[in-house]
Amino acid sequence: MAQVTGSIQKTLGLLHQLNLNVSSFSSASQLPLLQRLNALVAELDTMQKLADGCNIQVPMEVVNLIDDGKNPDEFTRDVLNSCIAKNQITKGKTDAFKS
C-alpha cells in the first residue's frame, strides 16, 4: 500500500510540474514538457500495475459525489446519520414491545 501512496504522490507532483510548464510554455520548454508528459504516462502505468494488487471498493455514490465536486466525507456523514436514525427507530420499537 505504501507503493501505491508513493505512486499517487509522485503523480500529483508530476501534474503540478506539468501545470507549471504549460502555464509558462515557450518553444524552448518543449523538451522538458515532453519529458514530464512521458514521466507522467510511465507513472500512470506503474500506478495501474500497482492497483491490480489492491482490492479497494468505492461506492458509486462516492464517485458521483466527487464528480459533482462535493466532499466524499459528506456521503460518510449522511450514511452514519441514516444508520443512527434507523437504529433509534428500531430501539423505539423494541422499547415499545418491551413495555
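Trainee: How many residues does helix α2 have, and how far does it reach?
Mentor: Helix α2 covers residues 30-51, which is 22 residues. From first C-alpha to last it reaches 31 Å, close to the 32 Å expected at 1.5 Å a residue. The expected span is 1.5 Å times one less than the number of residues. Helices here are DSSP runs (H or I, at least four residues), numbered from the N terminus.

Trainee: What kind of model is this?
Mentor: This is a predicted model, where local features need pLDDT of at least 70, side-chain atom pairs count only at pLDDT 80 or more, and totals for chains, interfaces and linings use all residues. Residues are numbered from 1 along each chain as its sequence is written, and side-chain values use heavy atoms, with hydrogens and water left out.

Trainee: Back to α2. Which residues are buried?
Mentor: L33, L40 and E43. Buried means under 20% relative accessible area, exposed over 50%, and partly exposed in between (1.4 Å probe, protein chains only).

Trainee: What do the buried residues of α2 pack against?
Mentor: They pack against α1, residues 2-23. Contact means heavy atoms within 4.5 Å. Among the α1 residues that meet α2 are V4, L14 and L18. On the α2 side, the list includes L33, L40 and E43.

Trainee: At what angle do α1 and α2 pack?
Mentor: About 160 degrees, with their axes 9 Å apart. That makes α1 roughly antiparallel to α2. Angles over 145 degrees count as roughly antiparallel, under 35 as roughly parallel, 65 to 115 as roughly perpendicular and the rest as oblique. Axes are lines fitted to C-alpha atoms, for helices over the stretch in contact, and angles run from 0 to 180 degrees between N-to-C directions.

Trainee: Switching to α1. Which residues are buried there?
Mentor: V4, S7, T11, L14, L18 and N21. They fall within an arc of 100 degrees seen down the axis, so they line one face of α1. On the other side, A2, Q9, L12 and S23 are exposed.

Trainee: What about H16? Where does it lie?
Mentor: H16 lies in α1. H16 is partly exposed, at 48% relative accessible area. H16 and R36 are 20 residues apart in sequence and 10 Å apart in space, C-alpha to C-alpha.

Conventions:
Helices (H or I, at least four residues) and strands (E, at least two) are DSSP runs, numbered from the N terminus. The arc is that of the directions from the helix axis to the C-beta atoms.
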